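Keep the sequence and the 3D view open side by side. The paragraphs below walk through the fold one piece at a time.

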Amino acid sequence: RVPDVAGKTVFDVGTGTGVLSFLLLQRNASRASATDIEPRAVRSANENAARLKLTGRFTVEERPLFPDGRADLVVCNPPWIPEAPKNRFDRAVFDADNAFLLGFLRGLSEHLTPGGRGLLIISDLAEHLGLREPGWLEAQIADAGLAIASRTSAQPKHGKAKDRTDPLHAARSRETTTLYELTSRR
């Protein structure tokens, strides 16, 4: 479930190709400001915005975490495996010591407008691989001064979750991806 975004400003933290920004702009968000640390992702997001004719309402910067200012809605689909990336492509999946995720959670309140919301989309695969303790994320959300307004979860439908020959099958078959709607308690 996505909240009504008509007329709202959006930040997309770690945008990648820009897909979340573009979906929200197509749902009538007024403007989306995005960030990513990977230069190729920034170029790709700009190219996609041009292709979709959204350049007048979309900007992207090569920088870590948040754009300057505040937004009504801040979205983030962070890397979900708390291990060091081995190359720049791994940055989309691997987040050494949960640095990106924790930076997002700890900085969210100061980048929300009053009454603003954060949307965090994240897999629990790290828990099933023994890389993160169950309940760790919820504790970090609370420690960051945030509250969970709602959560929606989905089971995997991709082929690897069903492939019993995959070495990670046991974890992938139990994986859940959750959309957390977060509010500031500050």
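In which loop is Asn98 found? Asn98 sits in the loop between E4 and H3. This is a predicted model, so treat every value here as computed from it.

Stay in that loop for a moment. Asn98 is not a glycine, yet its phi is positive, about 60°. Most residues other than glycine have a negative phi. Asp97 lies in the loop between E4 and H3 too. Asp97 also has a positive phi, near 55°, and is not a glycine either. What about accessibility: is Asp97 buried or exposed? Asp97 is exposed, because its relative accessible area is 68% and the cut-off for exposed is over 50%. Asn98 counts as buried, because its relative accessibility is 9% and buried means under 20%.

Now turn to the sheet. In what order do its strands run? The order is E3-E2-E1-E4-E5-E7-E6. The sheet is open, has seven strands and shows mixed pairing. Strand E3 (58-62) and strand E6 (146-154) stand at the edges. Each has a single partner strand, so one side of each is left without a neighbour in the sheet. From one strand to the next, the twist averages 15°.

Look at one pair of strands within this order. Strand E4 (residues 71-76) and strand E5 (residues 112-123) pair in the parallel sense, over five bridges.

Helix H1 (residues 19-26) touches strand E1 (9-13), strand E2 (31-36), E3, E4 and E5. The direction of H1 makes about 175° with that of E2. H3 packs on the sheet as well, touching E1, E4, E5, E6 and strand E7 (177-184). The direction of H3 makes about 160° with that of E5.

Go back to H1 and ask which residues it buries. Which residues of H1 are buried? They are Ser21, Phe22, Leu24 and Leu25. These residues cover an arc of only 165° around the axis, which puts them on the same side of H1. An α-helix has 3.6 residues a turn, so residues three or four places apart point the same way. The cover over the buried residues of H1 includes E1, E2, helix H2 (39-51), E3 and E4. Just after H1 comes Asn28, with a positive phi of about 80°.

H3 also has a helix partner. Helix H3 (residues 99-108) packs with helix H5 (residues 136-143) at an angle of about 35°. Their axes are 8 Å apart. H3 contributes Leu101, Leu102, Leu105 and Arg106 to the contact, and H5 contributes Trp136, Leu137, Gln140 and Ile141. By class, that contact has six nonpolar residues, one polar and one charged.

Finish at Leu182, in strand E7. Leu182 counts as buried, because its relative accessibility is 0%. What touches Leu182, leaving aside its neighbours within four places in sequence? Its contacts include Leu105 and Leu108, then Gly116, Arg117, Gly118 and Leu120. Ile141, Leu146, Ala147 and Ile148 are also in contact with Leu182. Leu182 and Leu23 are 159 residues apart in sequence, and their C-alpha atoms are 19 Å apart in space.

Technical notes:
Residues numbered from 1 in each chain as written. Predicted model: local features only at pLDDT ≥ 70, side-chain atom pairs only at ≥ 80, totals over all residues. Heavy atoms only, no water. Axes fitted to C-alpha atoms, helices over the stretch in contact; angles between N-to-C directions. Helix = DSSP H or I, 4+ residues; strand = E, 2+ residues; numbered from the N terminus. Contact = heavy atoms within 4.5 Å. Nonpolar A, V, L, I, M, F, W, Y, C, P; charged D, E, K, R; others polar. Pairing = 2+ DSSP bridges. Buried < 20%, exposed > 50% of the residue type's maximum accessible area, 1.4 Å probe, protein only. Arc of directions from axis to C-beta.
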